[in-house]
Amino acid sequence: MKRMELPGIAIENENIAEGGLCVMVLGGRAPSPEFLARAAEYGEVWAVDRGVEACRAAGIVPAMLVGDRDSGSAEAWRWAEENGAPVREYQSDKDLTDFQLALKIFVESHKNNGKKLFLTGALGGRFDHLWSLVISFLNLAPRGVQLCAADDHEGLLFLHGPQSYSLEFARKPKAVSLLSFSPRCEGVCISGVRWPLSCAELSYGFPYAVSNRVDGDGRVDVSCGYGTLGLCWTWNDAF
């Protein structure tokens, strides 16, 4: 099993490190400099518009900076450019979001090389932005490259059946939830929680497997036999 260790959580999967990661930093709730620095140990970092501010705070010059400059500060953009970051700049009047444009560039740049996408600075904020981001991530990026979106507060890990992951939480989250992002998910199993599941079926239209609790030593094993499954966790007191 390959292992990726982030602040508060370690994620294991048989091919998680094959080809490395592209850590894409978006303009939502910013990760802490520590979180971003740990994520950057596993691959190159791209900044999407305001995400460049989190990169600057962590002292990480992005390998690519994409956007229309409408949300990131002029100072942060200038810092990245002066430190040699390649820039793909767009007009603000456009059909695609900055993230969708960054996804297109990523797919064109990394065809068939096994690199996976890890999003941070993606969560929090407006629901319409988050929904657009998640659906774009699942549908515009090839199935084999999607990993998760996470920061210091919460995360969303994607499984494409048949697939399994093991997660080790350094501190127990407030809640973990399972969501079906396909019409149905079959053969869903989760252990290490208060209410385990074994070969269950979840559906997009009836999301009942929410607000579970982590038991024991903080290790959670989850698998999906068929479909696209999301495992969410939060350390926040309010959810």
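Visitor: Why is C199 called exposed?
Guide: C199 has a relative accessible area of 61%. Exposed means over 50%, buried means under 20%, and partly exposed covers what is in between, with a 1.4 Å probe and protein chains only. At 61%, C199 is therefore exposed. This is a predicted model, in which local features need pLDDT of at least 70, side-chain atom pairs count only at pLDDT 80 or more, and totals for chains, interfaces and linings use all residues. Residues are numbered from 1 along each chain as its sequence is written, and side-chain values use heavy atoms, with hydrogens and water left out.

Visitor: Where is C199 found, and what is its phi?
Guide: C199 belongs to strand β13, residues 197–203. Helices (H or I, at least four residues) and strands (E, at least two) are DSSP runs, numbered from the N terminus. The phi of C199 is near 55°, a positive value in a residue other than glycine. Most residues other than glycine have a negative phi.

Visitor: How do you know that the peptide bond from G161 to P162 is cis?
Guide: The omega of that bond is near 0°. Most peptide bonds are trans. P162 is in the loop between β9 and β10 (163–169).

Visitor: Is S182 buried or exposed?
Guide: S182 has a relative accessible area of 12%, so it is buried. S182 sits in the loop between β11 (175–180) and β12 (184–191).

Visitor: What does S182 touch?
Guide: Leaving aside residues up to four places away in sequence, S182 touches Y204, G227 and T228. A contact here means heavy atoms within 4.5 Å. S182 and T228 are 46 residues apart in sequence, yet 5.4 Å apart in space, C-alpha to C-alpha. A polar atom of the side chain of S182 lies 3.0 Å from the backbone nitrogen of T228. A polar contact is a pair of N or O atoms within 3.5 Å; within protein, one must be able to donate a hydrogen and the other to accept it, and residues adjacent in sequence count only if both atoms are side-chain atoms.

Visitor: Which class does D93 fall into, buried or exposed?
Guide: With a relative accessible area of 74%, D93 is exposed. D93 lies in the loop between β6 (87–89) and α4 (98–109). D93 and A80 are 13 residues apart along the chain, and their C-alpha atoms are separated by 23 Å.

Visitor: And why does T120 count as buried?
Guide: The relative accessibility of T120 is 0%, so T120 counts as buried. T120 is in strand β7, and its contacts beyond four places in sequence include V23, F35, L36 and A150.

Visitor: How do you know that the buried residues of α1 line one face of the helix?
Guide: The buried residues of α1 (residues 33–40) are F35, L36 and A39. Seen down the helix axis, they fall within an arc of 95°, so they line one face. The arc is that of the directions from the helix axis to the C-beta atoms. Among the elements covering these residues are β1 (2–6), β3 (21–25) and β7 (116–120).

Visitor: What span should helix α5 have?
Guide: The expected span is 1.5 Å times one less than the number of residues. For the 14 residues of α5 (residues 127–140) that should be 20 Å, and the end C-alpha atoms are 19 Å apart, which agrees. The buried residues of α5 are L133, V134, S136, F137 and L138, and they pack against α4, β7, β8, β9 (154–160) and β15 (228–234).

Visitor: What makes the protein chain as compact as a globular protein of that length?
Guide: The chain has five helices and 15 strands. Its radius of gyration is 17 Å, close to the 18 Å that the globule rule gives for 239 residues, so the chain is as compact as a globular protein of that length. The radius is taken over C-alpha atoms, and the rule is 2.2 Å times the number of residues to the power 0.38. Of the 239 residues, 48% count as buried.
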